[in-house]
Amino acid sequence: MDAVLNATAGLIPSSDSDDTKDTSNSVVTFLASLVINIAVALVIFVIFCILRPRLRRVYAPRTYAVTKDKRPEPVSRGLFSWIPAVLRVPDTDIIQQSGLDTYMFLRSIRTMFIMFAVISIASAASILPVNVKGTMELTGLNSLSMGNVDPRSNWLWVHIGFFAAIVWWSLWNIVGELRIYTHLRMWWLTHPNTVSKAGASTVLVSNVPKSLANDESRLRDLFSMFPGGIRQVFVNRTFDLFEHLAAEIAKCNRFIAKSANNMDSMERQSSALVMFNQQVGAHMAAQTVLDYRPFSMGQVTAGVNPDDIIWSNLEISPWSRRIRGYVTFAITVGLTLLWTIIAAALSSLVQVKSLANFEAFKWLRGNSVVLGIFSGVVPSLVLALLMSVLPYILRLLLYIEGTTTRSQIKLRMLHRLFFFQTWNVYL
């Protein structure tokens, strides 16, 4: 790689001017980043192809660890045999075997890849020639930018027209994908396999007043107004304790059995699971104001699964949950606003010019190849590592806030991550 970069650097004419040096450095930096990224991608790709058939537990657990109706067709053990197999998988098989969430995630990646490919090809065919033929006489990579076009030139209308066309086409694709998602969600919710599950017709009601939590008959009367009536009501007592004890079944079986026989003597908590006879009743209850008091039964979640519930967060009072929400949202906004400063500070610390000031890094001066690698790779790597920590921070904040289900934490984390990306990337 050094020989390639040195040979490339040798093609750049030498000059004493700062502009020529900056141009040379920018080209070397770009080539260094390109070579290293391609090399790392190829290494990861080859390692995956080698390990995939040998580590079924990691790369193919669904071929044996799930029920037969959800097992995909096994892929042969060839190094590259997985590529055509993946491309031939029908969408219906992905939905049936992995669920709608997995399919929509894969579909969004495929849609973004297609949009990126089309925009890249269109840009290279229409915008790039205009920039290269500009009259500002810029050199190096700058000759490929819009800065090489005279601001008074009519060729700038090509940029404006291309931008408007790409924005319209991107929005058209996004709206189309949302329509497909809405159709698939309605089909999924009304599918017999989904309707037959108990969770499809069950809602989790948080912040239940003590007067209702201690009187299940009143809870039944409240929810009986919805279509189909209710099948059963479960008021939360010590389920969080049960969840902990389940991990030590061997020594706690007798305690669990004894506790189960004395459920009536346990204190009732401010949450309840209401199982309806019909799915439509559960969804109507989730969209209805159930109590006139502020925050009382204001959080109703449809389609809950006991494994998805964070039982310890059900005991948090509505006022405490609201205050925690304000605090965590303020922290999120603060992170969003300060992230640019944090990222810029960390990036500046690993810049070659900053490192060269230290005695241990003086050898970087004058070395164009190493300089290109540091300038093109290290700052981006630092930012990537910094960005990888953000989802964990947001997830922790939402857990502290008192979010009642793990699926809600994932969804709300994506909402806040989108807000963060919009402010720090797109704007």
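View 1. At 1.5 Å a residue, the 33 residues of H6 should span 48 Å, and its end C-alpha atoms lie 46 Å apart, which agrees; the expected span is 1.5 Å times one less than the number of residues. Helices here are DSSP runs (H or I, at least four residues), numbered from the N terminus. A kink of about 40 degrees is centred on Ala-124 of H6, the bend being the angle between axes fitted to the seven residues ending at a residue and the seven starting there. Residues are numbered from 1 along each chain as its sequence is written. In this predicted model local features need pLDDT of at least 70, side-chain atom pairs count only at pLDDT 80 or more, and totals for chains, interfaces and linings use all residues, while side-chain values use heavy atoms, without hydrogens and water.

**View 2. Buried residues of H6.** The buried residues of H6 pack against H5 and helix H7 (156–189).

**View 3. Lining of the second largest pocket.** A pocket is an open set of points on a 1 Å grid over the protein atoms alone, where a 1.4 Å probe fits, with protein on both sides within 12 Å along at least five of seven lines; lining residues have an atom within 4 Å of a point. The lining has 33 residues, with Val-75, Trp-82, Ala-85, Val-86 and Val-89 nearest the centre. H6 gives the largest share, six residues.

How values were computed: Helix = DSSP H or I, 4+ residues; strand = E, 2+ residues; numbered from the N terminus. Buried < 20%, exposed > 50% of the residue type's maximum accessible area, 1.4 Å probe, protein only. Contact = heavy atoms within 4.5 Å.
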